[in-house]
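Please look at the structure below before reading on.

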Amino acid sequence: MARNRFKGLGVALVTPFTPDGEVDYPALKRLVNYQLDNGADFFCILATTGEAPCLTTEEKDRITETVKEINRGRLPILKYCGGNNTRAVVEEIKHTNWEGIDGILSICPYYNKPSQEGLYKHFKAISAASPLPIVLYNVPGRTGINLRPDTLIRLARECDNIVAVKEASGSLEQVDEIIKNKPEGFDVISGDDALTFQMIASGAAGVISVIGNALPKQFSRMIRLEFKGEYEPARKIHHRFTELYKLLFVDGNPAGVKALLNDMGMIENVLRLPLVPTTIATKEKMAAILKDMRI
């Protein structure tokens, strides 16, 4: 029986800023409406792409309310809540108002590099505290630790509210192992735009996407074609994005996609330190690709 609602194109929403570095709420509303009108299946808010480490608690609360207000329950919302202090994450879960939120995205603990048993106990504690379904987030390139398939499957089997993993290890072999051994109702979600075509072909349920901020209609079409088994037209869309995938991340995330959205007239090209905008050369290359794609 399906437990996971987060399928198809999930958009990892950026946080737009004004030229003076404040949160640009009118631009955020524009962006949410753009996603609603162009094929997004769910929202992922206040995670890496949203520059959450550089936001205040008050800003995070207002961003959450803004997204909920515009969305009006139309699409599921996955909200980030994670860290490398298990007790602090559990307390945050217990004291957060989760009304209007449909699930929690929680990352592997970073920097302190726990063992697999430590990862298991960390997520067991979060599972016990959570009133909502949980999507685990495995991104070894950022955390310094890989949530191995055997540990993940153990958690998926023991914790009914752990419903999916956002898998960004970059290993298709690992993805295959998880999909082969996962329990019914548990899903793999791509955490890497460039590997989404291959992961969905292998049985993934969708993606939490960066490029979807700017090109939701095209990226969601690729995913829907794959779900219907129409791999050839889906592959053509995937190949149109190949160069863009690289450029989006060459100067860090979300610098690339913010530059793209800026070229589209959606937001200001502003990030908060320690992140800075993408280089002019990268921005110009992406603008040329957009023009070539007639977007």
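Which residues have the most contacts inside the largest nonpolar core? They are Leu136, Phe219 and Phe241, in a core of 85 residues. A nonpolar core is a set of buried Ala, Val, Leu, Ile, Met, Phe, Trp, Tyr and Cys residues joined through side-chain atoms within 4.5 Å; buried means under 20% relative accessible area, exposed over 50%, and partly exposed in between (1.4 Å probe, protein chains only).

The model is predicted: local features need pLDDT of at least 70 and side-chain atom pairs pLDDT 80 or more, while totals for chains, interfaces and linings use all residues. Residues are numbered from 1 along each chain as its sequence is written, and side-chain values use heavy atoms, without hydrogens and water.

| Core | Residues in it | Named members |
|---|---|---|
| Largest nonpolar core | 85 residues | including Leu136, Phe219 and Phe241 |
| Another core, apart from it | 17 residues | among them Phe6, Ala12, Ala47 and Val139 |

Leaving aside neighbours within four places in sequence, Phe241 is in contact (heavy atoms within 4.5 Å) with Ile211, Leu215, Gln218, Phe219 and Met293.

Helices here are DSSP runs (H or I, at least four residues), numbered from the N terminus. The axes of α4 (residues 116-129) and α6 (residues 149-158) come within 10 Å and cross at roughly 25 degrees. Angles under 35 degrees count as roughly parallel, so α4 is roughly parallel to α6. On the α4 side the contact includes Tyr120 and Phe123, and on the α6 side Arg154 and Leu155.

How values were computed. Axes are lines fitted to C-alpha atoms, for helices over the stretch in contact, and angles run from 0 to 180 degrees between N-to-C directions. Helices (H or I, at least four residues) and strands (E, at least two) are DSSP runs, numbered from the N terminus. Angles under 35 degrees count as roughly parallel, over 145 as roughly antiparallel, 65 to 115 as roughly perpendicular and the rest as oblique.
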